[in-house]
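Please open the model in a viewer and keep the selection panel at hand.

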2 protein chains.
Amino acid sequence: MLSDPLESNPGKYNHAEIISIGDELLIGQVVNTNASWLAEQLFLSGFMVKRIVAIPDEEQAIFKALDDAVVQAGVVVITGGLGPTADDITKPALCRYFGTDLVFSQLAFEQISELFVRRGWAMNDRNRMQAMLPEACMPLKNSSGTAPGMWFVKDKSIVVSLPGVPFEMQDIFTNELAPRLKQLHTGEVLLYKTILTTGVGESVIADRLSAWESLLPQSFKLAYLPQPGLVRLRLTANGSDAPQLEAELERLKLELVSLLSDIVFGYDGDTVEGVVGQKLAALSKTLSTAESCTGGTIAAMITSVPGSSAYFKGSVVAYANETKGKLLGVDEVLIRKYGSVSREVVEVMASQARALMHTDYAIATSGIAGPDGATPGKPVGTVWIALAGPKGIVTEHYLFGEHRGRNIRRASLAALNLLRKSLDTELISDSES
Amino acid sequence: MLSDPLESNPGKYNHAEIISIGDELLIGQVVNTNASWLAEQLFLSGFMVKRIVAIPDEEQAIFKALDDAVVQAGVVVITGGLGPTADDITKPALCRYFGTDLVFSQLAFEQISELFVRRGWAMNDRNRMQAMLPEACMPLKNSSGTAPGMWFVKDKSIVVSLPGVPFEMQDIFTNELAPRLKQLHTGEVLLYKTILTTGVGESVIADRLSAWESLLPQSFKLAYLPQPGLVRLRLTANGSDAPQLEAELERLKLELVSLLSDIVFGYDGDTVEGVVGQKLAALSKTLSTAESCTGGTIAAMITSVPGSSAYFKGSVVAYANETKGKLLGVDEVLIRKYGSVSREVVEVMASQARALMHTDYAIATSGIAGPDGATPGKPVGTVWIALAGPKGIVTEHYLFGEHRGRNIRRASLAALNLLRKSLDTELISDSES
């Protein structure tokens, strides 16, 4: 038996552990992104993750991981193995571990039925089985799928089991678990603000911030979180006086933003496409795109934002030169003279899209995403971007890298960032007039 | 002290464990891609990874993880914490764990110097320090960086420490570790095949396979790995006779595929867009799209595939009704009569895109991605898809869920899958004619 966890580890209540269950993790077929998402969320809820362990779909491995975890951590989050199929063994294993039986949960059944009714689906026996839950657990509602989360208590630790499907796991964590964890947490507060930048790399930002960063108070930390095409900067504060900490954090955030005003596009969960959408909506302006190398990615990003139909009218993805002529009226002679990857062609694409779709702004891209298509003087990664607006056309030229997917992503972000900067000028001149 | 590992776990010699060291993993700042890469490589070298554990840069955590690992596994691979900076504590911790001292390794020093000479860099004291290694270890050459790998033996287990920088870790594993592991390995092999499906959920597939699955030989396992819009099925085989196992696995795979022929689109790392691209290229056919609710996502998926310009001519993303009229020639009266989310409108969109861009096939989508836009009889998630081809138009109607992003993703996959099925018929009738 385990000794009293309070005696063996008095600090455990602000510690967490993550147990990821699934054979697919152990043969490298799946990267454990669930664990990093959960680790960040637990950290931001005030719990320091002390261990992440990935184990196979085997009962003994689950028991051993749980025995270890409840000694060290006040909160243990398990993911995986809760689906309706035969290889999912987490639920029976948890029953045996907690010495309880599977019983029909009317509450869980109603929550699952609600999802089926909402989607107009018929329930089968397997779906109904999902409402069979260990008697000792409190079910946590899953609004995105049929496997409820389960909340247990053992040796003064909370053990929560979540499904492995990322959006279901995230749904339950965000709506059911995070609010409960915040109530549990006592002691130190941890506050943070995330500032989002695009356009330059991590090391350039670090150079620009080095003098400022060296003067940060001890309880404040700055982390660089790079992703393709953007860098997130997270400023964290640690202490006991929340209001004072919050005020100081806000002051430091504003200092940081003023040092990076040309590359900061938003905060926390913002996206460039979301920020651009808000600005277009605020100005009652409309947008269209004419895309060659980005192949519809800019349109897809813009339309991923709910409500984008208010300002986005459409796009012509002119992948073939023939389509550039036929749908955008780009002169064949122009393409022959300058090539389709040129300032001249991308400017015509932008102004034609703007005219054809009657929009205030139009973005156009043309470039060589790779791996093929390079010509002398135009290596893979060459991209031209044009923005046509009420005041004329702005053009930018980039040379990105060799990786097709990242070139498309970076060109799309650069195009949206060009529009963002232009809309900022509009917003400033509007408020000044 | 640990008991004799051979007595407590006689199977341990074909088992492996991975220990990932680094605070950044535990706050979710970094996704542990090293672990999945290593897991796959160890698996392919004949070692089944039984556990992956991520722990902080703390000596006690490293000791505990090692104690656990050497009992269970014949091979333990540690990554991280070997860099030249102050927070890297793995090397001194390993010295204490193995009861040995740091000594200057002439061999390691020469290997590090070689790298500096090759790159034309000057060595500093930090770099020289990297040649100080635990006396009990055999150094493993790092051709890509300054931190050598280290090979220890404890309780008949091999413990290898590798740097956390991915390309350095991969370099040492591939050139130094994998050849030694292959010599060590004896006994069982593990083989797998992954079958990719789209169109129906995990539980429907499980129903269709239940009779077949119940007759699977004991050494074969089937796992369901769902992702938004698709389900991967992994069939694993375990045994000693590799050629026989491979033949049996292939036979079972073909049986499974024949049971699910309408929904299987590919294998292993395939994507629907990649498979569709291969088929179009094989048939020398071309494609265009006319997208409303998918907002350019289908075009972006298709153009994510290298070489797609050979068969993809372009897309009209007709987000506004006005754009449907102006660019695709959809009659305003038709939209007023049936609504833009209707069989009638989506069919015209497809046939107009096909005619305008002179392609063999055209896909069109129109639907309500949400969260707004529902009308009586047309809830959020309603999607119409049309495929226009040489033999006419096929239309499909779907009712997906409530989540905007997933509706867009599922509609895009469904549209590409409709095209895939149609191209399969072409390929079959071509080979028959």
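This is a predicted model: local features need pLDDT of at least 70, side-chain atom pairs count only at pLDDT 80 or more; totals for chains, interfaces and linings use all residues.

Residues are numbered from 1 along each chain as its sequence is written, chains are lettered from A and ligands numbered from 1 in the order in which they are written, and side-chain values use heavy atoms, with hydrogens and water left out.

**Domains of chain A**

Colour chain A by domain: domain 1 (10–183), domain 2 (189–267) and domain 3 (272–432), with bounds that come from an automatic or database domain assignment. Next, select domain 2 and domain 3 of chain A, whose C-alpha centres lie 30 Å apart. Seven residues from domain 2 of chain A and nine residues from domain 3 of chain A make the contact (heavy atoms within 4.5 Å). The buried area between these two domains of chain A is about 670 Å², with 62% given by carbon and sulfur atoms; buried area is the accessible area (1.4 Å probe) that two parts lose on being put together, summed over both. Display T198(A), P228(A) and F265(A), which supply 61% of the area that domain 2 of chain A buries against domain 3 of chain A, more than any other three residues. Zero salt bridges are found across this interface, a salt bridge being a side-chain nitrogen of Lys or Arg within 4 Å of a carboxyl oxygen of Asp or Glu.

**Between the chains**

Now show chain A with chain B. Here 77 residues of chain A are in contact with 78 residues of chain B, and the two chains bury about 6100 Å² between them, 56% of it on carbon and sulfur atoms. On the side of chain A, select I27(A), Q29(A) and Y319(A): they lose the most area to chain B, together 10% of what that side buries. Eight salt bridges are counted between chain A and chain B. K313(B) forms a salt bridge with E322(A), and their closest N and O atoms are 3.0 Å apart.

**Salt bridges within a chain**

Over all chains the structure holds 45 salt bridges. Select R336(A) and E332(A), a salt bridge with closest N and O atoms 3.2 Å apart. The two are four residues apart in helix α14 (residues 332–338) of chain A, and therefore separated by about one helical turn; helices (H or I, at least four residues) and strands (E, at least two) are DSSP runs, numbered from the N terminus. Both R336(A) and E332(A) are exposed, where exposed means over 50% relative accessible area, buried under 20% and partly exposed in between (1.4 Å probe, protein chains only).

Move to K193(B) and E250(B), another salt bridge, with closest N and O atoms 3.2 Å apart. K193(B) lies in strand β9 (residues 189–198) of chain B and E250(B) in helix α10 (residues 242–259) of chain B, so the pair ties together parts that are 57 residues apart in sequence. K193(B) is buried, at 16% relative accessible area, whereas E250(B) is partly exposed at 27%.

**A hairpin**

Finally, select strands β16 (residues 382–389) and β17 (residues 392–399) of chain A, which pair in the antiparallel sense over eight bridges; pairing requires that DSSP finds at least two bridges between the strands. A hairpin of two residues joins β16(A) to β17(A). Display L387(A) to find its bridge partner V394(A) in β17(A).
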